[in-house]
Amino acid sequence: MPATDAALVHKIIQRDEAALAALYDRYAGMLSSVLNRILRDTQAAEEILQDIFYQLWCGASRFDPARGSLPGWLLVIARNRAISRLRRHNPAAGEEILENTVVMPFDLESTTAQQQLLARVKGALESLPKEQRAAVELAYFEGMTHSEIAQRTGDPLGTVKTRLRSAIETLKRNLQSTMSHNT
Amino acid sequence: MTNGHPTREEDFDLYVLGTLEGDEKLAIESHLAGCADCARKLAAARGRVAAISFAAPRVEPSAAVKDRLLRQVRAESQAPSRAISESAKVPARGNGREFAPPEPPRGLAGRWLFAILAPACVALLIATVILWRENSRLEKQLADLGTSIDKAERQLADAQEMLHLYTSKDTIKVALAPKPGMVKGDGEVMYNEKMGLLMYDGWIAPSPDDKSYQLWVVPMDGKPISAGVFNPATSDTAHWMARVPEGIAPKMFAITLEPAGGMPQPTGPMVLVGGT
């Protein structure tokens, strides 16, 4: 039976390279996908990917698997790093450690589980009206604020806010249904 | 907000998503700092929002990234431990007595001895400070060299992969030509099915702001596989290497115009295309 994330993090703290390699194999594809989607630059995406796992190697002791989800934390870090690079913004020091607590009640430790979530998220996004989906993607993958989305799409600010709120409500409902499927 | 709490749970998601601005953002930030209940809701929102990542088309990193990571980790393990070098500077017991200046010894012989040893101690102290500074400078140089070596190793790994792709008898070359009525462009794909490696080189007019170009491997059987998203906003040339699953026999390669950032499957018109 494959080792759990918590067990692998514990081994990384004890400087076990094989544990780092195992976590890399488990999550590198997931992180590479979001990094490439945001940056559209394979080389930059790979630099950040390597850096994230090196950060995990150096700071594993600061991560408490009991408090949050490792893949959730990795995704938050990956998105923040990529958006910061895209928008030439340097995140404040320590910001990432505060984001340690990411509750993600999905099992992502196996490729099958990741594929199932991938299918459900895609399904949930595709079920949104086109304008809502576009707004969510501009916010998540390009790091845009309400005003920036309004400026990009040419829609009134109020419309953008309503659109995103409705999209979030729908996604939340669909993902909660995913969680009940998983548990 | 009620008692400062956000009234709607979506506020947490919107905050995490980064769309809130100005007063809306400040209100939630100032409240979150001291509310454990809302901090829990925020953690859950982070997880929900992070799941949107799964909407991105799957892109596997090249094998070189893992190699570089493990080399970086090994290099760190082999380097002298910072902790050890730091501990060497710190006295074994931190009671302060180790740093107390020695009292001058009493008696004539003692005073002579002190007169000789005191300047020697001062000289030793100065030498220690100079050596410590030199050591810091060398440590910095070593760190800079390490970064340069890491960068060079990355370039070497990429070059080796490229060389392998160029020299392998299993590599095929496919020219991509523009579809009638589409933007002008020209490209070439080198593809090695066994290595699962592809290199694209070409030029094409920049895409509109809200669009990206996306290269696809169209297999004999099954759905197209994304091999890179690009937007030559500053230059009309593009060149990159991409990894795709090994063992995919291609029927054709195509570049389509997609919404910015690309799509899991082609949705837009084909711009350049080439068959095997």
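Here are some friendly notes on this predicted two-chain model, point by point.

1. Overall make-up of chain A. Of its 183 residues, 44% count as buried. Among contacts in chain A with a separation of 6 or more, 66% join residues 24 or more positions apart.

2. Confidence in chain A. The mean pLDDT of chain A is 85, with 88% of its residues at 70 or more. Among the elements of this chain, H2(A) has the highest mean, 95, while helix H5 (residues 95–98) of chain A has the lowest, 47. Where pLDDT is low, the predicted coordinates should not be read in detail.

3. Overall make-up of chain B. Chain B has six helices and eight strands, and from the N terminus on its elements run α-α-α-α-α-α-β-β-β-β-β-β-β-β. Buried residues make up 28% of the 276 residues here. For contacts in chain B with a separation of 6 or more, the share from residues 24 or more positions apart is 62%.

4. The interface. On the chain B side, 44 residues are in contact with 53 residues of chain A. The elements of chain B that give two or more residues to this side are helix H1 (10–17), helix H3 (36–50), helix H4 (63–78), strand E5 (225–230) and strand E6 (237–243). H4(B) supplies the largest share, nine residues. By type, the chain B side divides into 22 nonpolar, 12 polar and 10 charged residues.

5. The largest nonpolar core. This core holds 73 residues, and Leu31(A), Leu35(A) and Ala78(A) touch the most other members. Helix H2 (residues 17–39) of chain A gives the most to the core, with 12 residues. Setting aside residues up to four places away in sequence, Ala78(A) touches Leu31(A), Val34(A), Leu35(A), Ile48(A) and Ile52(A). In soluble globular proteins, nonpolar side chains tend to be buried together.

6. Most residues other than glycine have a negative phi. Arg15(A) is found in the loop between helix H1 (5–13) and H2 of chain A, whereas Arg40(A) is in the loop between H2 and helix H3 (42–59) of chain A. Are these residues buried or exposed? Arg15(A) counts as partly exposed because it has 13 C-beta neighbours inside 10 Å. Arg40(A) has 22 other C-beta atoms within 10 Å, and therefore is buried.

7. Helix H1 of chain B. Seven of the eight residues of H1(B) are buried, so this helix is largely enclosed by the rest of the structure. The buried residues are Asp11(B), Phe12(B), Asp13(B), Leu14(B), Tyr15(B), Val16(B) and Leu17(B). Just after H1(B), Gly18(B) takes a positive phi of about 90°.

8. A hairpin in chain B. Strand E2 (residues 185–192) of chain B pairs with E3(B) in the antiparallel sense over eight bridges. Within this pairing, Asp186(B) stands opposite Trp203(B) in E3(B). The two strands form a hairpin with four residues between them, and Gly196(B) in the turn has a positive phi of about 65°. Strand E3 (residues 197–204) is mostly covered, with six of its eight residues buried.

9. Ala55(B) sits in the loop between H3 and H4 of chain B. Why does Ala55(B) count as buried? There are 23 other C-beta atoms within 10 Å of Ala55(B), which means that this residue is buried. Leaving aside neighbours within four places in sequence, Ala55(B) is in contact with Val121(A), Lys122(A) and Leu125(A). The C-alpha atoms of Ala55(B) and Met263(B) are separated by 8.8 Å, although these residues are 208 residues apart along the chain.

Note on methods
Residues numbered from 1 in each chain as written. Chains lettered and ligands numbered in written order. Predicted model: local features only at pLDDT ≥ 70, side-chain atom pairs only at ≥ 80, totals over all residues. Contact = placed C-beta atoms within 7 Å. Nonpolar A, V, L, I, M, F, W, Y, C, P; charged D, E, K, R; others polar. Core = buried A, V, L, I, M, F, W, Y, C linked by C-beta atoms within 7 Å. Buried ≥ 20, exposed ≤ 12 C-beta atoms within 10 Å, placed from the backbone. Pairing = 2+ DSSP bridges. pLDDT = per-residue confidence, 0-100.
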